[in-house]
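Trainee: Could you take me through one part of this model in close-up? I'd like to look at where the two chains meet, from the side of the first one.

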Amino acid sequence: MSFTEIVFYAFSAIMITAALGVISARNPVHSALFLVLTFFATSGIWLLLEAEFLAITLVLVYVGAVMVLFLFVVMMLDINITVMRQGFIKYLPIGILVALVLVTQMVLLVGPENFGLSQFAEPALKAADYSNTRELGRVIYTDYVYPFEVASVILLVAIVAAIALTMRRRPETKYQTPIKQMMVKKSDRLRIVKMQAEEKQ
Amino acid sequence: MDSIVNILLPLWEWLPEYLQIFLWNLGKILLIMLPLMGAVAYVTLLERKVIGFMQVRIGPNRVGPKGLLQPIADALKLMFKEIIIPTNANKFLFLSAPMLSIGPALAAWAVIPFNGELVLADLNAGLLYILALTSMGVYGVLIAGWASNSKYALLGALRSAAQVVAYEIAMGFALVGVLMAGGSLNLGDIIAKQAGGFSNWFIIPLLPLFFVYFISGVAETNRAPFDVAEGESEIVAGFHVDYSGMAFAVFFLAEYANIIMISALTSLLFWGGWLSPFGDIGGILGNGFHWFLLKTVFFIFVFLWLRATFPRYRYDQIMRLGWKVFIPVTIVWLFVEAVMFVMQVGPWGA
């Protein structure tokens, strides 16, 4: 077995174990951490495919930002696991059936007879100074510029919608406006009252 | 000397090739790690001395001449302390949190170029790699806070996570500015683009991005004035309140390794790294590792200076600064940069 194969199988084993961990861990925080590990192993496999931009972006976006927020929320939730686990045995046969159907479909469709080396030639290894990032950028911003822009607009709409759905005016919250605080003058706040001194009785 | 070489050389050649590559890389890693660990130890002493000076105190002066052996005494003390694991804490996660914290902090050093030739891994996507790894450091904090099964630690971890995620966006945008100016994600290429004296350094066209990057770096490392994750006066010590002995020391190491990292990156990305401000004139004033070291030490000093000068931010003020000030500033400046690019001024001129 060559070194590349050892690395591939090691990452695949970690990925599958971690993915099983995501659905089988009792604690939701553990599940989230297993998902992080899955992303990591995936990114390792992508690196083997010389897709360094995608691999690093996967870690940057999913591990570095998305899963941090997931964990953030999961840690604060008080989830009663026994309630969620109710009926596990009852639904297990259906679950296994669905899983089997899915696996059969995937084996039939994604198997080597459709995507194997006989259908697609093995991609040539690129030289060390070949920049994957540059090539990806070139393709995205020339050949696929309209689909790419449409996708980004859809994302933007999703962001605006999500914020519009959750944001509400709350008159009871107190705000500070630093600019106003900076502009305050003595005359705005302080009133000097001249009074007659009281005489001693 | 010759006889030693005569014995060792056949021994080296006798090793299988993959073992040779492994040992060679291990040697290079040690060559970066050991000075870094030494630097971390002495930055702690520098911090105490500098802050002592600014507060008109002497600072540590008992261990060794002028207190120079203080970090070693501290390290020995921490090594011999017991690691206490709180009741009901998740033992595995509790102990892996410090490692998750220091791992990314050290791994990021792989792509830092120390001078024209000295770099462990000359990645094409070096800048992205650094961004990905620095964003992972927060897991150590989050897991530490959760696994120690303590309210204060959890609060510290949540504060830290929200803060790091907020400032990472501004930091990432600032780095987008750098890669627009450098035209590459490779750190070596970014430095090469700044060659030719101070006037070519990215600090001039990217001044606002430099401030955003450095301040976000301070926030990202949870240092004062953004140290609400530790907030001694409110939540005792935040996420590492339940850690003791070496487990605590590893968090400490990671924090200081990150400080050195941010300082080194600031000097690489905006201040020309190992380049001399006078251009390549040769000799001691010419390009060389010493310039990189000098700039890095200056930015480490700025970290300590900030800590001695400013009071801690309130939490909502931190969020306001990150989301409402830094992100708009970076977006505006990226636009300005794009205009400069089209008009061919600054680093894009002929």
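**The chain A side of the interface**

Mentor: Within chain A, the element with the highest mean pLDDT is helix α8 (residues 145-166) of chain A, at 92, while helix α4 (residues 81-84) of chain A has the lowest, at 70. Across the whole of chain A the average pLDDT is 84, and 98% of the residues score at least 70. Keep in mind that where pLDDT is low, the predicted coordinates should not be read in detail.

Now to the contact itself. Chain A brings 29 residues to it and chain B brings 27 residues. On the chain A side, have a look at A:Ile56, A:Leu60 and A:Met75: they supply 26% of the area that chain A buries against chain B, more than any other three residues.

What about polar links across the interface? The rule finds zero salt bridges between chain A and chain B. As for polar contacts, two residue pairs turn up across the interface of chain A and chain B, both at pLDDT 80 or more.

Next, which elements are involved? On the side of chain A that touches chain B, two or more residues come from each of α2 (28-48), α3 (52-76) and α7 (132-141) of chain A. The one to zoom in on is α3(A), which gives the most to that side, with 15 residues. If you sort the side of chain A that touches chain B by class, you get 19 nonpolar, seven polar and three charged residues.

Go to the loop between α2 (17-54) and α3 (70-79) of chain B, and you'll find B:Lys66. This residue isn't a glycine, yet B:Lys66 has a positive phi of about 60°. Its relative accessible area is 68%, so B:Lys66 is exposed, the cut-off being over 50%.

Then move along to the loop between α8 (207-220) and α9 (232-235) of chain B, where B:Asn222 lies. Here too phi is positive in a residue other than glycine, near 55° for B:Asn222.

Definitions and conventions. Residues numbered from 1 in each chain as written. Chains lettered and ligands numbered in written order. Predicted model: local features only at pLDDT ≥ 70, side-chain atom pairs only at ≥ 80, totals over all residues. Heavy atoms only, no water. pLDDT = per-residue confidence, 0-100. Helix = DSSP H or I, 4+ residues; strand = E, 2+ residues; numbered from the N terminus. Contact = heavy atoms within 4.5 Å. Buried area = accessible area lost by both parts, 1.4 Å probe. Salt bridge = Lys/Arg side-chain N within 4 Å of Asp/Glu carboxyl O. Polar contact = N/O pair within 3.5 Å; in protein donor to acceptor, adjacent residues only side chain to side chain. Nonpolar A, V, L, I, M, F, W, Y, C, P; charged D, E, K, R; others polar. Buried < 20%, exposed > 50% of the residue type's maximum accessible area, 1.4 Å probe, protein only.
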